[in-house]
Amino acid sequence: MTHIPEVLPKSIPIPAFVVTTLSYLWYYFNLLMVQIPGGQFVVSYIKKSHHDDPYRTTVEIGLILYGIIYYLSKPQQKKSLQAQKPNLSPQEVDALIEDWEPEPLATPIAIDEQLWRVAAIPVTMDMPIQNHVTITRNDLKETYTNVFNLASNNFLQLSVTQPVTDVVKTTIKNYGVGACGPAGFYGNQDVHYRLEYDLAQFFGTEGAVLYGQDFCVAPSVIPAFTKRGDVIVADDEVSLSVQNALQLSRSTVYYFSHNDMNSLESLLNELTEQEKLEKLPAIPRKFIVTEGIFHNSGDLAPLPELTKLKNKYKFRLFVDETFSIGVLGATGRGLSEHFDMDRATSIDITVGSMATALGSSGGFVLGDTPMCHHQRIGSNAYCFSACLPAYNATSVSKVLDLMDSNNDSVQTLHRLSAHLHESFASDNTLRPYFIVTSSPMSAVLHLQLTPEFRSRKFGYTREQLFETISDLQKKSHTNKYIEPYEEEEKLLQAIVDHALANHKVLITRNTIVLKHETLPVVSSLKICCNAAMSREELQHACESVKQSILACCQ
């Protein structure tokens, strides 16, 4: 018979039958392990471990035996689902069902607090939307005809011209009305790739990537290039879309004071020194994030200073040009053309919308070739959102062609934007109530209540509103009614209503979803101009809006 080794040291007083039993177990364990590939290595390891420290073997065997005995002696606790159910009579079950009230899928609107917002939304009855429209409100209870439209973001109005509409009709005839799939799978068609080429050529970049919805471009692009440990330095007045992108980026986010380059440089210098002290094993990705024309204020980002700082501190520059594409620059090529700078070297990543000056739908990204290739496999909206209909793509290609051959629309827009700004900024009767925050180059004029008037009439400041919102978000009370803010919104809506009812001029409030905002923001009025207006009718509309402001504020 094969020799059976003793597995326990003789110095330990253990009954002979235990030693014999364990020796037999070791013998059969050896036989089993020989049949298993690689088992001899396990046996060799156990022998060496026992030889080096026999007491350890004793403890391990004891723990194993204890575990086996404990498991076998423990009563089974598992019960069937049927046994876990309470023993209720049919009458008790019916009573519980009758008393149960399901939670609503959406928070109901408080009649006296929020319903006025829904009733005030204008719905146009005309297609395409042009400068004189018929609108309805309040579930068709209000109808206004021949209204002068100062609320459209179609700044160049090229998409409603005959050459573009002819292209759209032809495209619908040949391609239908929908791509019916994500771009990364089977949604893209030849016209989409052609538009990406046209965008890259027009704006002077290596490549471009199309997206089906403009709002989701930034929240898809920034997270595609960032991870935990990366650093983002952002302007503290970026739009909600960019705020969402920063939240999804998983990066460490810092904010600098709005358009304050001293604040930005101080922050960049501090972060650079901190990085040197920490001696990180890998250099994080670092971005500066801002907008061309700011969504909530209408002023411009100082691109020359931003480019200088991003080169000095080795950051990449991300710019959202939703409201500056087609508006800034002699030919509408945006912020870089406005400052006479090369886009490819000054801005690393540009996102823009085709639903504003280009008059279509969707969004796009401009940048170098590696950046574009990475998005096609790493950007959520590109991989999982439906692609643009083909006619949206061909209409933008045609608009770019028209802009490239003739910049009259852009030049006209510049003159009207400057006139719109001057008309309100130079009016002394408005200064006690409103300030103009937008640039003369912006096609959207933003009017905000002066801090003094807001404090006197509604009793709060921008900083106090931000603190209130932040506290409510921490407590998950995001639907709470904030009375001072709502009263200010109602005042602005009263001005909108007065201009519509008395002068047939349509302006809007800046749309703010307060519970989603993570940065300081206040309400404002928006007045938009476009290249199809005449100077005379714009001036007449401006005077009408001023009268409405004074009628509601005095």
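The following is a conversation about one predicted structure.

User: What kind of model is this, and how are residues numbered?
Analyst: This is a predicted model, in which local features need pLDDT of at least 70, side-chain atom pairs count only at pLDDT 80 or more, and totals for chains, interfaces and linings use all residues. Residues are numbered from 1 along each chain as its sequence is written, and side-chain values use heavy atoms, with hydrogens and water left out.

User: How many helices and strands are in the chain?
Analyst: The chain has 23 helices and 15 strands. These are DSSP runs numbered from the N terminus, with at least four residues for helices (H or I) and at least two for strands (E).

User: Is the chain spread out or compact?
Analyst: Its radius of gyration is 34 Å, well over the 24 Å that the globule rule gives for 554 residues, so the chain is more spread out than a compact globule. The radius is taken over C-alpha atoms, and the rule is 2.2 Å times the number of residues to the power 0.38. Along the principal axes, the C-alpha trace spans about 115 × 65 × 55 Å.

User: What percentage of the residues is buried?
Analyst: Buried residues account for 46% of the 554 in the chain. Buried means under 20% relative accessible area, exposed over 50%, and partly exposed in between (1.4 Å probe, protein chains only).

User: Turning to strands, which ones pair with E9?
Analyst: Strand E8 (residues 316-320) runs parallel to E9 and is joined to it by three bridges. Strand E10 (residues 363-367) pairs with E9 in the antiparallel sense over four bridges. Two strands pair if DSSP finds at least two bridges between them.

User: Which residues stand opposite each other there?
Analyst: Phe318 is opposite Ile349 in E9, and Thr350 is opposite Leu366 in E10.

User: Is E9 covered or exposed?
Analyst: Strand E9 (residues 349-353) is mostly covered, with five of its five residues buried. Ile349, Val351 and Ser353 point one way, while Thr350 and Gly352 point the other way.

User: And which strand does E4 pair with?
Analyst: E4 pairs with E10 in the antiparallel sense over five bridges, and Tyr211 stands opposite Gly363 in E10. Five of the five residues of E4 (residues 207-211) are buried, so this strand is largely enclosed by the rest of the structure. Gly207, Val209 and Tyr211 lie on one side, with Ala208 and Leu210 on the other.

User: Changing topic, how do H10 and H16 pack?
Analyst: Helix H10 (residues 217-225) and helix H16 (residues 369-378) pack at an angle of about 105°, with axes 10 Å apart. They are therefore roughly perpendicular to each other, a class that covers 65 to 115 degrees; under 35 is roughly parallel, over 145 roughly antiparallel, and the rest oblique.

User: Which residues meet there?
Analyst: Val221, Ala224 and Phe225 in H10 meet Met371, His374, Gln375 and Gly378 in H16. By class, this contact has four nonpolar, three polar and no charged residues. Contact means heavy atoms within 4.5 Å.

User: Which residues other than glycine have a positive phi?
Analyst: Leu140 is one of them, with a phi of about 70°. Leu140 is found in the loop between strand E2 (132-137) and strand E3 (142-149), and is exposed, with a relative accessible area of 60%. Arg250 also has a positive phi, near 65°. Arg250 lies in the loop between helix H11 (240-248) and strand E6 (252-256), and is partly exposed at 43%.

Note on methods. Axes fitted to C-alpha atoms, helices over the stretch in contact; angles between N-to-C directions. Nonpolar A, V, L, I, M, F, W, Y, C, P; charged D, E, K, R; others polar.
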